[in-house]
Amino acid sequence: MVPAAALAVSAIQPDHESVPCLVGLANDAGDRFLTVVISEGAPAVLSEALHDGVDAWIEALRTDGLETGSVARVYVPEDRAEGLADGAGAGKLVPFSPQDLVVPAGIVPLRRLGRWRWFAAGLVSITISTGLVYVIWWWFLGGGDPDPDVTAAQWRTEISRLDMEPLLSHCDQSLAAFWPMAPEWTLVEEGCVLDPADRPSRLPVVAGDGAYAYRLYTLAREWNEYLAGRAADSVTARFTGDVAREPARRLLYRLAPRRERLVNETYRPTRDVGAILDQLFVGRVETGEPFGAGAINARTPLELRATLRRVTGADLDVVHARRAVGSGETVLRVRSVQLRTEKIRIGDEGDWE
């Protein structure tokens, strides 16, 4: 009597905890079948699925797990593994004993109540709820009979993600615009920071919490910092963005607000961002090892703006991208799409949070 997905977490072996795993569970009666993706020690958002019958369940384990590149391991009860041992992706298969599953800490099993206890608990709940509704109505409306046309407020769940395409388009267009700077200053790097929380530490701190396109300029030692700074301030007064100032560095940047957009409840982000990059760049990309929250660093010989256009519309979030002058390559950090779930209370008078 606990959430099945909570039990599925305990099936994962320690050396598989950092990769996405599809877990299949079946009850003893053989009439309930579940698949759920476990990633980084927790069920992935919207990954739980109930299946009508064993055949549909086996097919889901095969197509959503063994035959897809976004899942690294497929866990199935040992008495069901034989039917999946042949075919593509069989090397991902990890049989487990359902008897070894344990309830994770903090998950309290539901208590089984007798029929009379259920009846008593229901009667008490109805009595309390009715009295509470009447008190609230009397307090706010000042008495009288309840309006039969007024319905109780309900909750709606909204799932959203960062709207990446406008940010990438803003960065691409900004880098193509006019960036004024005094001749004493040398452009050393340009790029985009899409997630300010993961700003490269080598960059000066900027004002605001939006995404931004930037160009970083440095001053050679032979120039007087005060005079060169005054010259830079005079020239950049015509700049349509903002300037972060340090004695021998200037960061020019153009901010863009970060906004979210709703996604369909059935949407499941692809966790293997390395595979997405390989498909987008067709061999013209070099990726590193994944780290925190499914992020990965990558390098490509494509120009920065060409790289931004290449990743626009892809099923991933871009954290930041940059190109050092004269380096011959663009460096970017991407991660799997981050989803945000929010409950919105709605009523007859319109939606309100």
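Helices (H or I, at least four residues) and strands (E, at least two) are DSSP runs, numbered from the N terminus. This is a predicted model, where local features need pLDDT of at least 70, side-chain atom pairs count only at pLDDT 80 or more, and totals for chains, interfaces and linings use all residues. Residues are numbered from 1 along each chain as its sequence is written, and side-chain values use heavy atoms, with hydrogens and water left out.

Entry one, the loop residue. I found Leu84 in the loop between β5 (73-77) and β6 (93-96). Is Leu84 buried or exposed? Leu84 is buried, at a relative accessible area of 0% (buried is under 20%, exposed over 50%, partly exposed in between, with a 1.4 Å probe and protein chains only). Leaving aside residues up to four places away in sequence, I listed what Leu84 touches: Ile58, Leu61, Arg62, Leu66, Val76, Ala90 and Leu93 (contact means heavy atoms within 4.5 Å). For Arg62, which is 22 residues from Leu84 along the chain, I noted a C-alpha separation of 7.2 Å.

Entry two, the helix pair. I saw that Leu168, Cys171, Asp172 and Leu175 in α4 meet Leu304, Arg305, Leu308, Arg309 and Val311 in α7. I sorted the residues of this contact into six nonpolar, no polar and three charged (Ala, Val, Leu, Ile, Met, Phe, Trp, Tyr, Cys and Pro count as nonpolar, Asp, Glu, Lys and Arg as charged, and the others, Gly among them, as polar).

I counted seven helices and 18 strands. Buried residues make up 37% of the 353 residues.
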